[in-house]
Amino acid sequence: MSFININEIKIYEDQVKEYDILKQIIATRDQEDAFYILDLGDVIKKHRNWLKKMPRVVPHFAVKCNPDPMVIKILAAMNASFDCASQQEIEQVMQYGVTPDKIIFANPTKSPSHIKFAKSVGVDKMTVDNELELLKIKNLFPEAKIIIRFRCDSNSNLTQFINLGIKFGCDPGDEANKLIQFSKNLGLTLHGFSFHVGSPCNDFNAYTYGIEICKQLITFAKSIGCKDIKLVDIGGGFPGESEFQIDELSNVINEAIEKLDPGIEVMSEPGRYYVASAFTLTSYLHSKRSITDENGPRYMYFANCGVYSGFIEELLNLCSRHPISLFGPVSDKKYPSTLWGPTLDSYDCIIKDALLPEFQIGDWLVWSNMGAYTASLAFKFNGFEPPVVYPFIRKSQWKEFCDITRYNMNCWLCKLE
């Protein structure tokens, strides 16, 4: 059963460019609000490419990265699996027909009420990284399938600021072995092991290292009588920008899992891989201030979307994006410029003292690769609404999606010659 309403998606001819779609939305809606366009064909392509390049690694989309309903619906229709971190995320994916066996409750520290809820709906795979969490699960959900998460940090420069190992993951040596023994002593089902190298990760060897640790832990667990080891979870951290090609990463992972027992399922938790390049943001430049000193002019611009409504990574110094004017700059000459968001907070700064072409009041600024940890971390500070999302798909991709999922056999578009 599909939960997709064709009226929620705009279908374009294959040759239509994204900038033309943006201009059409601006012209027809006659408004100044920032907005995203969501290329559903890009999400579909990413999913199919993963399955083709890493057929043994079952991807579980990390809902926290971008919980947009249409992303969830499209992936659910393609029989995808999901990584959820809370009761609310589990509820969201299950309302679109996702079955419990396709969900992992991948939060190592869970509220008791969320564990009870997971039990009530049959979501039994859950991660832990400490003894007290095991005791909690023993008390509330003793039938759960335990996945021990260990720390495995990459050496990537990109992940030095998003280092999940400082918060989650036991030591992969003695501490992990003690947790294995403790889970056995409690009579719990030890189902597997997991790690997360940080996000985004460009140190692909970190996955090889993590998989090798999993092999060692599996050997130890079996040596003390744990007979139910069925899973290795290699976590997330996979880049998803438009220029990223998965081939090198897939070769590394495929080689690392080649000697795993064929009875062991391998899964992953990609988030930004699926959605980063699928979302393009367009913001309106509503104000401008010119300052001239002995070095010449510099400009301060004010847009209607800032760090609290899509650019949280700029606030945290994790990313530095530069926009392109939708209708083109007046000239190629560049000036020292600062771009502010709409709120009264001085932290609401997207770009500071960068060389940019001169923009004008009324310009629309286009930002690519805006799907990961943007909309999911936006909120209504100072009363400014987060940007709305306009999903679209190109005609050939829609027909391909319908063929894959048998979504709507009576779809008028799919019957066209």
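Student: In which loop is Asn317 found?

Tutor: In this predicted model, Asn317 is found in the loop between helix H11 (312–315) and strand E13 (324–325).

Student: Why is Asn317 called exposed?

Tutor: The relative accessible area of Asn317 is 63%. Exposed means over 50%, so Asn317 is exposed.

Student: What is there to say about phi of Asn317?

Tutor: Phi of Asn317 is near 60°, a positive value in a residue other than glycine. Most residues other than glycine have a negative phi.

Student: Where does Asn79 lie, and what is its phi?

Tutor: Asn79 lies in the loop between helix H3 (69–77) and strand E4 (81–84). Phi of Asn79 is near 65°, again a positive value in a residue other than glycine.

Student: How do you know whether Asn79 is buried or exposed?

Tutor: The relative accessible area of Asn79 is 52%. The cut-off for exposed is over 50%, so Asn79 counts as exposed.

Student: Why is Ser283 called buried?

Tutor: Buried means under 20% relative accessible area. Ser283 has 1%, so Ser283 is buried. Ser283 is found in strand E11 (residues 279–293).

Student: Which residues are in contact with Ser283, leaving aside its neighbours within four places in sequence?

Tutor: They are Ala34, Ala303, Asn304, Cys305, Asp363, Trp364, Leu365 and Trp367.

Student: What makes the pair of Ser283 and Trp367 a polar contact?

Tutor: The two side chains make the contact at 3.1 Å. A polar contact needs a pair of N or O atoms within 3.5 Å, one able to donate a hydrogen and the other to accept it, so 3.1 Å meets the distance cut-off.

Student: Turning to the whole chain, how many helices and strands are there?

Tutor: The protein chain has 12 helices and 17 strands.

Student: What share of the residues is buried?

Tutor: Buried residues make up 53% of the 417 residues in the protein chain.

Student: What share of contacts joins residues at least 24 apart?

Tutor: The share is 71%, counted among contacts between residues at least 6 apart in sequence.

Student: How far apart are the mean positions of the positive and negative charges?

Tutor: The mean positions of the 44 positive and 51 negative charges are 4 Å apart.

Notes
Residues are numbered from 1 along each chain as its sequence is written. This is a predicted model: local features need pLDDT of at least 70, side-chain atom pairs count only at pLDDT 80 or more; totals for chains, interfaces and linings use all residues. Side-chain values use heavy atoms; hydrogens and water are left out. Helices (H or I, at least four residues) and strands (E, at least two) are DSSP runs, numbered from the N terminus. Buried means under 20% relative accessible area, exposed over 50%, partly exposed in between (1.4 Å probe, protein chains only). Contact means heavy atoms within 4.5 Å. Lys and Arg count as positive and Asp and Glu as negative; His and the chain ends are not counted. The place of a charge is taken as NZ of Lys, CZ of Arg, CG of Asp or CD of Glu.
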